[in-house]
Amino acid sequence: MSKTITIEPVTRIEGHAKVTLHLDDAGKLESARFHVNEFRGFEKFCEGRLFYEMPLITERICGICPVSHHLTSAKAGDAILGVEPPRPAHLLRELMHMGQTIQSHAMHFFMLAGPDLILGADSSPALRNVAGLYQADPQLTVKAIQLRKFGQEIIERLGERRVHPNFAVPGGVNKALAVVDRDAMLAGVPEMQGFIKDGLAILKGWAEKHAEEMRRFAVFSSGYLGLVDENDAVQLYDGALRLVDAKRKELERFKGADYLDYIAEHVESWSYLKFPYYRRLGWPAGTYRVGPLGRLNAAKRMATPLAQLEYVQYQQAAGGGVVEGSLFYHYARLIEALYALERVQQLLTDPDILSKDLRTTAGITNREGVGILEAPRGTLIHHYWVDENGMLEKVNLIVATGHNNYAMSRGVEEVARSTFTGGAVTEGMLNRVEMVVRAYDPCLSCSTHAVGQMPMLVEVRGPGNELLEQHQRPAPAV
Amino acid sequence: MPLEMTTSAVAMANIVINGRRIQTLPGQTVLQAATAAGIKIPTLCHHPRLPAHGSCRLCLVEIEKQRALQPACTFPVSEGLVIRTDTEKLMVERRFALQMILSERSHYCMFCPASGTCENSDCELQRLCYDHGLNCWEYTPHYEKRWPVDGTRQYFVMDHGRCILCRRCIRACSSIAANHTLGVHQRGTHTLIGADDDVPFGRSSCVSCGSCLQVCPTGALSERNSAFAGRSADFKRTKAVCLGCAVGCGIEALVRDNHLARIEGDWEAANGGLLCAAGRFEVLQPRPPRIRTPLVREKGKLAAASWDRALDCVAQKFRKAERVACLASPRLLNESMAALTLFFNETMRTNEVALLYGEAPPLDLGAPAGLADVADSDCIVVIGGNPMEHQRVVGYLTRRSLDHGGKLVLVHNGSTSLDGYADLHLELEDISHPAASPFERLRATYHLRASSLTRLKHMVETAERPIVLYGSGLSTTVYVAMRTLPSRARFLPLIAGTNTRGAVRLGLSARPVNGEILYLMAADDLPDHAPLPTRQFTVVHAAYQSDWTDTADVVFPALMWAEKTGHVTNLEGKTLEVKPVMSAPADVLPAWKVLLQLSERVGRSLTYEDICTFAGSR
Amino acid sequence: MTNTLPQEKSAPAKEPPVDLARLDRILEEFKSAKGALIPILQRAQDAYGFLPRTVLNHIAYKARVPLADVYGVATFYAQFHLERRGRHLIRVCDGTACHVRGAPRNIEVLEKNLGLVPGGTSADYEYTVEVVYCLGSCGLAPVAVMDNQVCGRLTPEGLVRHLKTLA
Amino acid sequence: MNKKVTIASDWLAGCAGCHMSLLDIDERLVALLQVADLQATPITDLKQPPASGVDVGILEGAVNNTAGEEVARRMRQRCKILVALGDCAVFGGVPTLRNGFSCEESLRRAYLETESTAEGRIPDDPELAQMKPVQPLGDVVDVDIYVPGCPPSPDAIFHVLTELAAGRQPKLTGKLLDWH
């Protein structure tokens, strides 16, 4: 008889989701779905607000990457004012963004994914968390905390606090960087570089031990999208969008403002998270991946020396060419963290970084504005339409995690297919399925935001949907 | 209506607040008495510059022998009152009042420009909630009700969701600006602050003086330009003088990291916090690109040059020149005016120095009136000028006098926005000749018929505190007639041009000048489509790029108003100190410094002392 | 005396022209009276049946009261109406007593017969229906007042009969 | 070990920012782990507060659908002290802006009208939770401790948790009480 297995909530991701696995009579996988279960409606309820309020409203979409929304919103505001912020403002915005990239990537690797890699996917769920990590390796945990802190403090020094800062305004930023703050940040860079390298070492070690898994775990082909600079190196704050095919051949290179010509969104009845795809190839052929692995595939190189070195090794580890294994997201993520850190150093030593030329004032010159940026999890797009008074008439948002929506379902399916080969369902099996989702570090706060928890059940239902078996997840040994 | 309950000089009254014996003056409110004694009573709808209203119930106090709790802001002191301001009962009442206020609208603090911590919040409501330990809202607001946001005004926005109906804006609109645009519309839970007969603010009789914005206790009214640019605590606050017109209003400039974000009216200055849209908002609007270095024309194109190069180039032309002419913006400060007059009169030996524009009428018609007197006058004569356009704050003060029952005599030709209020309206005859040049036009002369004069005189004679606001360009006979008005009549000239009065004192006036070289001291003035008389060689000293600088042969960078140090003389004849509120770009010097350096190069050097003595001598 | 708008606002486009001569006569009567806004508004409403914007503007201009205040007073008191009203006014009580004795049914019938909602006016401006909460004649519940005539113990049929007599 | 205060936390309709602010106590996290035992949380793998119950339940976010209600109720049942963490849980916060529109309007905009949406449809799978008007937590279950802020400062959160671990009733005053 056929079964449906429900994993809910998927934990150690930012937000909540659930996975349903539909097994056939033989206990083989029929289909797998990654549900995003909730909807907040920012596209609607921002209507009637003023465009310059949006950097503070939209950052409330997500507490993990508020800076992404804060800055993207300000960029859309720049477009509505029809001005280019002064160079120092751009530098400071990027600096804040690098701070966020570091904290977000650090938190994900050490606190969310780390437990799987360091403690093992089959270790006790009661221990598979930060506390467990601390018991296993206190030093490493403290490093993780400090690395995240370093990133968060960059945000705090510029935007007066870590979560939901107040810094970017349409046309620029509202505060100059103080010398003391610059020096304090610079001082931290070398140590943090060490921490990231430790992380890379752990990952490489794990990757060698699990070479098979790295190569075979949730591997599939897709397109890739990300911002690049004029040398096709990974860019996180600004640049041109580069879309490549499964063989990394360039399909398109376009300005964020033109995204509607290239990107469309598909809707499924079973998820509140939409499925973006490349218009010309259509759905689902046009689906692509974003985020660390997506960006590293969409680009040709890293723009900073150390990150570039790691990038080369990463390519080798993946057997060169296109990196398709979902677990390589963890690898790519750490390389980006390293890049962000190098970028912090470059920005802080730029002669303009202390300048007080921070804002270009202007009236409302365009009735429409698009902002775009590479959030930690992928490409983020804000598109606003305003009336002559700057009140919002329409809002369209495409968030990072959305682009990976299809990939996550695909990944879940791949893993489930190899894992659920009939027979008893173990907790470790379920966690493996979650590991796929976790690899993409989905930020469901961004996507729409999560629904609350249901009891974590593995339900086995018959064809008539009648409940046949029910497995409760193992309770903690307290 | 007086802005504060005035203390009449009667014997002291003895009251007791929180066990402390306090002597007060009858006529004071309990709040005033307590404040004077350094006892703090929380307030919300109260504003020291506005008539008391007593609607928010935050300042409730316990008064012996009073059945109910009484609002301190409206309760007058009297002999023997025994008052407590700090009992637990009062705390409970105040918390309740706050909870009720919060339940009425949807205050989204997280994205409000006024919101902040207990240390930096600009929202008086939020601060009170912190002070009273509110950590949640007892009564969840009706979030399904979408309170309107009115963004139809160019410079500031009204979010009714953050309005607490304290009516400060209404009181400011009527008692400070005397504009009476705002009112309370509907009733009960439908009550809204509205304009006129409920039209959008942007299409109402609002003049955007911003008085309401300055007194709003929450984020209900917020300025587009400074929203999220920082909170008051983040800004450097500098008292300064508005150089928008000859009134010279006192302002407070709010600057963060050398970015001028907001301007507020200085409550202590003669304008008493009142400003006009030009002074409060327009000065913050985008300007043309700034000129940051000297420019010299080479092969037909202006190119950046060092000061030395630019000065040498000009000096060399000056040395060879037959006659050099100079036109100066009346926006220049006294110091620069003096330097320029000296430089051209003494160094260049030419009298071809004049103002670019700006006209002052005769200044000796009778006893001078001060700005502060206007609102208290019981009869105001406006003759040959349009304060509502060119000296707006004087216009608003004039209307304030009407609210106190004052009479208005309007004497002009054409129409002004004061027409609707005039008790007597007299026509001026245009007896000027067809104008030749823009400068000729300035000399247009207007005449007033004898019959009209007598009617005007009659109005003034029947008044106790008459004030004559008079413009330039009237016929001699009219000015002569003004001199014959009763001696209690006081006079305030409606001078065109910010520092024209300072210029006149130095012997400058607006007139045509001749010379093959033209030196234009434009300062931060912009040509409103007024082309320059073409000369063989033109030097333009300007802060911003414009048609003037585009056609110049040499351009010197100039300071803009917020960077200047020195003095101006306003229409009252007061000399006001001008302090810089932000620092100038590295390579930009004050005008007088440039002239000193020029004088050296031309060979007859001036010193700063010369300038000061000259400026002082007049 | 306070000053008002610099000049009289022109009437809103959608509003039909109003003959202000009658209003001027009313204003003439109150010329010297201070704080006579409410009586002026009452008299104006009697004269025009409601208070068109043009009338409010004219009152503000002539009586030198800020338009915002005139509008504020006119919208504060339930007795003033800014929309044109029907020739006949029907005030149906839905207070406790009338409610339990079948007022809702009566209101329903009114809506059916006149095709208008409580507080609304029929397209032909013949009727305006108001639902009120107690007319002080609970003894006669359910009650309605039609053009100042109190009708008690109303049945739906009786209600319709009365309507006919009004027409 | 058993002396430790047991804590379960979860998020409803919010942005996860309050949990980030919890992590922002940085090194103090270690100190907290000495006195507190983080059981079911979004950063651990136990999917719900144990039936045996916990001492402290923490909820971030507003309640905006049926599933949210369930989570709130279960947390209330299974914890001795319920903490409403952050503006959304305490006041309703940004998510309540949705109440100004009908669910239909919002869904139509998001899944049919948005310019980038092709062949849109409104998700209606039974697996999805039913939308409800957004409410602060206190309107759905009894809340013992309110910690406002968007997000609450790490200091405020650390203060509350350590006070609770010490068996005291936390009180937010001065800088710790902060809404914006």
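The legends below describe close-up views of a predicted model. Residues are numbered from 1 along each chain as its sequence is written, while chains are lettered from A and ligands numbered from 1 in the order in which they are written. Local features need pLDDT of at least 70 and side-chain atom pairs count only at pLDDT 80 or more, whereas totals for chains, interfaces and linings use all residues.

**View 1. Helices H1 and H2 of chain C cross each other.** Helix H1 (residues 21-29) and helix H2 (residues 37-48) of chain C have axes that come within 10 Å and cross at roughly 150°. That makes H1(C) roughly antiparallel to H2(C). Helices (H or I, at least four residues) and strands (E, at least two) are DSSP runs, numbered from the N terminus. Axes are lines fitted to C-alpha atoms, for helices over the stretch in contact, with angles from 0 to 180 degrees between N-to-C directions; under 35 degrees counts as roughly parallel, over 145 as roughly antiparallel, 65 to 115 as roughly perpendicular and the rest as oblique. H1(C) contributes C:Arg22, C:Leu23, C:Ile26 and C:Leu27 to the contact, and H2(C) contributes C:Ile40, C:Arg43, C:Ala44 and C:Ala47. Residues are in contact if their C-beta atoms, placed from the backbone, lie within 7 Å. By class, this contact of H1(C) with H2(C) has six nonpolar, no polar and two charged residues. Ala, Val, Leu, Ile, Met, Phe, Trp, Tyr, Cys and Pro count as nonpolar, Asp, Glu, Lys and Arg as charged, and the others, Gly among them, as polar.

**View 2. Domain 2 of chain B touches domain 3 of chain B.** Chain B is divided into domain 1 (13-86), domain 2 (111-120 + 139-284), domain 3 (295-359 + 502-617) and domain 4 (371-494), with bounds from an automatic or database domain assignment. The C-alpha centres of domains 2 and 3 of chain B lie 37 Å apart. Eleven residues of domain 2 are in contact with twelve residues of domain 3. On the domain 2 side, strand S11 (236-241) and strand S12 (250-256) of chain B are the elements that give two or more residues. The largest share, three residues, comes from S11(B). This side has eight nonpolar, three polar and no charged residues.

**View 3. Three strands of chain B form an open sheet.** The order is S6-S7-S10, with antiparallel pairing; two strands pair if DSSP finds at least two bridges between them. Strand S6 (149-150) and strand S10 (221-223) are the edge strands, each pairing on one side only. Strand S7 (residues 156-159) is joined to S10(B) by three bridges. B:Met158 has B:Leu221 of S10(B) as its bridge partner.

**View 4. Strand S3 of chain B pairs with S4(B) and with S5(B).** Strand S3 (residues 60-63) and strand S4 (residues 70-71) are antiparallel and share two bridges; B:Pro71 in S4(B) is the bridge partner of B:Leu60. Six residues lie between the strands of this hairpin, where B:Lys65 takes a positive phi near 70°. Two bridges also join S3(B) to strand S5 (residues 82-84), again running antiparallel. In S5(B), B:Arg84 is the bridge partner of B:Glu62.

**View 5. Chain B meets chain C.** The contact takes 22 residues from chain B and 18 residues from chain C. Strand S8 (182-185), strand S9 (192-195) and helix H11 (392-403) are the elements of chain B that give two or more residues to its side. S8(B) supplies the largest share, four residues. The chain B side divides into five nonpolar, ten polar and seven charged residues.

Conventions. Two residues are in contact if their C-beta atoms, placed from the backbone, lie within 7 Å.
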